[in-house]
Amino acid sequence: MTISVIGCRTEYLENPLGLDVLHPRLFWKLESEASATAQTAYQVLVAATQEGLDQDIGDMWDSGKRETSHSTHIVYEGAALQAESTYYWKVRVWDEQHVISAWSEPALWSMGILARTGWKAKWIGRKAEADLKMQPSPFFRKDFTLRSKVKRAVVYATALGLYNLRVNGEKVGDLFTPGWTDYDQRVQVQAYDVTDKVTQGDNAFGVILGEGWYAGTVGFISDKIYGERPFLFLQMSVEYEDGTKERIITDGSWKTTRGPIQYSDMILGEKYDATQELPGWDRAGYDDSGWELPDIRPGYNGLLVASMEPPIRITKTMRPLSLRKTEAGTYIYDMGQNMVGWSEVKVKGERGTQITLSHAEMLNTDGSMYLDNLRVAVQQEHYILKGAGEERYEPHFTFHGFRYVELIGYPGEPDLDTIVGKVIHSDTSVSGSLETSDPMVNQLYSNITWGQRGNFLSVPTDCPQRDERLGWTGDAQIFARTASYNMDVSRFFNKFMWDMIDAQQPSGAFTDVAPDAGWMRYKMWSTRLDWFAPDNAGWGDAGVVIPWTLYLMYGDIRVLETHYDAMVRWVEYLESMTDELVRPDYANYGDWLSIGADTPNDVLATAYFAYSTKLLASISEVLGKAADQKRFETLFAGITEAFRAAFVAADGRIQGNTQTVYVLALQFGLLTPDQQTLAVQHLVEDIKARGNRLSTGFLGVGYLLPVLSDHGQLDVAYSLLTQEEFPSWMYSIKHGATTIWERWDGWTEENGFQTPDMNSFNHYSLGSVGEWMFRYMAGLETDPQQPGFKHSIIRPQPGGKITSVKAGYESLYGSLRVEWKLAADGEFRLTVHIPANTTATVYVPGSGARVEGEVAGNALAKPILAVETEVQAASAFHIGSGTYSFTSRIQ
Ligand code: BGC
């Protein structure tokens with residue numbers, strides 16, 4: 001049997017360019033036809049040239065044979081890496097039979113600019129046009145000549161604002177670059193290899209700038225949070241075949257003007273006048289004598305860092321399902337899916353004709369567009385035709401949350417082919433899949449993933465349609481685990497941690513939104529919205545929950561090390577704000593959007609204080625900080641005592657008596673065993689008294705089903721999952737939801753739409769039930785002792801009316817799959833697949849569990865490492881990699 005190495009990655013990425021990490025981490029996967037395959041050692045070679053690597057010379061790093069089964073997060077330990085150099089690497093492994101694999105396919109990474117002094121470009125901009133509230137998007141261009149044959153050309157580009165780069169007329173890069181950070185602290189730089197886009201001789205750069213988060217509208221209280229107008233920064237390093245080098249940079253010699261984009265604002269839409277287009281502007285030799293010189297922005301002191309986030313891209317194109325002409329003569333399209341992005345339109349007509357595309361999530365009962373929930377956002381594009389045959393248009397620096405598109409002023413009769421929807425988001429590849437025997441549960445899962453698709457845009461935003469779209473930390477933490485099953489969010493959340501760190505207050509408080517969006521810095525929260533504080537329970541805690549989630553799902557220890565001090569400061573801050581370890585108020589949002597069940601602020605705040613402390617104790621343990629571990633364990637024990645003394649009555653009732661108080665106390669381990677029993681009773685009582693319905697808001701909902709399942713109430717968990725009466729997940733689905741709604745009562749039969757002041761139909765928080773679907777219903781769980789699915793705990797928990805589940809997860813080691821079926825006669829069949837170099841403990845529920853088929857008889861594979869029977873109404877099989885089928889009887 002042979003073992004091979006595949007999927008080599010550096011810093012989670014395939015052949016990344018322009019890194020600035022001095023000790024990048026390497027990852028690979030193993031592939032083998034045999035079961036129970038494991039790596040026992042590896043050897044990595046890193047070379048400064050491809051030729052060197054081909055000759056097996058690791059001139060940068062030859063790790064030698066390292067005896068370990070680790071194949072992820074292998075830290076580069078070779079010679080010092082040089083700025084702007086490319087490194088080539090490969091790896092081979094030994095298996096348990098001492099068989100050596102072949103070398104992997106070569107992989108590479110390149111370093112970017114590593115020192116501040118390496119940045120030579122200038123920030124260039126275009127002066128604002130007087131008297132215009134909405135500014136046109138500035139165009140920039142530069143002709144340049146390359147004197148001989150180019151060996152390698154790399155562009156480093158960024159903006160205070162957004163840039164759209166073109167090299168010799170060809171678009172380079174992704175959308176909404178450089179992404180959103182607190183630009184006063186750090187700005188991400190993207191690196192592009194443009195070797196095959198430039199030529200010896202004449203070339204040109206063309207760049208359009210958008211205001212973006214930097215100077216455009218952000219959130220609901222401001223625009224121009226970071227600066228007045230956008231600036232561009234670009235630097236190209238050219239290496240000629242003859243060994244000489246050259247640099248092309250943004251400076252005062254570039255040219256700028258206004259173009260067809262009259263304005264383009266993320267929240268206020270775009271106006272594009274095609275009669276103002278500048279044909280050929282982005283190619284060499286264009287006559288730019290009428291253009292202006294740019295102005296140069298002095299004094300930018302933020303940090304330029306290599307791009308940390310996954311690129312934002314168009315990941316799907318959607319065709320409308322139907323089209324209807326309104327009495328007003330406009331046309332309303334139904335895309336069939338609440339989505340995020342924009343629509344592209346095809347149109348033919350007279351020069352100067354203006355058409356408008358308007359976007360909404362819902363329709364009013366009279367069939368008109370429901371725009372009230374957008375608040376001041378304008379989800380519209382206006383396009384003025386140039387009158388040159390068929391024209392196609394899509395916007396540049398704006399996006400919308402919508403299912404319906406209204407086409408206004410269209411010349412002629414549009415049809416279903418006139419528009420398409422473009423879905424955009426941070427391109428985090430899909431890692432999870434889930435399908436059950438229940439179509440409504442499948443729709444719920446689809447809604448959860450669409451919520452993520454629609455809201456993970458540079459940062460985890462709360463909603464995509466109204467004037468908000470902020471990185472609410474509470475939403476992010478409660479959904480983080482679900483998100484990481486659905487998609488590969490390793491880099492996305494690593495980047496978001498920096499946003500949280502940049503926003504962290506001197507006091508140690510983590511903020512409610514990150515990036516800060518000006519609230520704390522400009523004290524907007526205190527002068528304009530007094531109820532915003534920096535440190536709300538369940539929000540600021542994201543600063544600990546998210547790194548812990550990255551550790552669990554990816555085994556990322558570096559994120560824990562890097563942010564350890566910040567996490568300690570958070571917990572110390574919380575402690576300093578307590579009265580004998582009870583945290584008085586600090587939960588201004590309560591259990592946000594709970595339904596008829598207000599959880600007292602002090603109960604919430606104390607519970608979350610305990611949780612952050614408990615996680616920090618585990619983090620200290622992972623990092624081998626024994627004294628800290630002891631300290632935080634002791635603190636946690638103290639908080640639980642204080643919690644019990646302050647809030648738990650003799651009959652086990654917890655103050656507030658809401659589902660959420662019991663859920664949090666059970667989930668965070670705040671109760672004595674007796675109190676646990678009582679809490680479960682009170683919780684179940686409350687659910688039953690409501691007719692098997694939930695009342696939890698953002699904070700309680702994520703743990704509701706897990707807590708019930710952990711405490712012998714699986715049937716209650718399933719009944720909540722599939723409940724169709726209000727309030728429930730299925731209620732929204734029964735009424736056509738294709739995404740998760742912000743509130744349980746966003747629309748009800750009784751009252752129609754909730755207040756338009758806050759009624760998004762695309763908020764992912766209540767979708768945090770996805771975590772339970774993977775961890776409990778499918779039973780795909782990682783082991784905190786061997787995180788990142790190095791060792792998995794496969795424990796499907798069938799129940800309710802669901803008779804089959806099929807789930808998959810792409811881990812850093814490869815694919816995991818769980819498939820179960822429960823027949824009417826009680827026969828339970830389970831198939832499990834786990835990737836090479838991992839092990840799992842499979843808990844087969846029911847009685848008489850056994851392994852099926854050839855694997856059982858295959859002596860060579862030795863797949864079953866051990867079997868334990870009757871472990872919590874299941875039999876536990878310890879398996880090596882491979883595919884296994886089990887049967888048992890349930891009931
Ligand atoms: C946001 C939520 C957020 C909440 C906190 C809302 O406006 O949409 O997602 O968590 O505010 O108050």
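## Around the ligand

Start with Trp 539: a polar atom of its side chain sits 3.2 Å from an oxygen atom of the ligand. Keep in mind that this is a predicted model. As for cover, the ligand on its own has 310 Å² of accessible area, and the protein covers 97% of that.

Who else is in the shell? Besides Trp 539, Glu 468 and His 763, the ligand is surrounded by Asp 462, Arg 466, Trp 472, Asp 475, Tyr 589, Trp 592, Phe 698 and Glu 742. Sort the shell by residue type and you get five nonpolar, five charged and one polar.

Over to another part of the model: strand 11, which runs over residues 150–160. Is this strand largely enclosed or largely exposed? With buried meaning under 20% relative accessible area, 10 of its 11 residues are buried, so strand 11 is largely enclosed by the rest of the structure.

Strand 11 pairs with strand 18 (residues 231–240) in the antiparallel sense, over 10 bridges. If you want to find that pairing on screen, look for Tyr 156, whose bridge partner in strand 18 is Gln 235. Strand 14 (residues 186–193) also pairs with strand 11, again antiparallel, over four bridges. Here the spot to look for is Ala 157, which stands opposite Gln 190 of strand 14.

Note on methods: Residues numbered from 1 in each chain as written. Predicted model: local features only at pLDDT ≥ 70, side-chain atom pairs only at ≥ 80, totals over all residues. Heavy atoms only, no water. Near = heavy atom within 4 Å. Polar contact = N/O pair within 3.5 Å; in protein donor to acceptor, adjacent residues only side chain to side chain. Areas by Shrake-Rupley, 256 points an atom, 1.4 Å probe, with all protein chains shown as cover. Nonpolar A, V, L, I, M, F, W, Y, C, P; charged D, E, K, R; others polar. Buried < 20%, exposed > 50% of the residue type's maximum accessible area, 1.4 Å probe, protein only. Helix = DSSP H or I, 4+ residues; strand = E, 2+ residues; numbered from the N terminus. Pairing = 2+ DSSP bridges.
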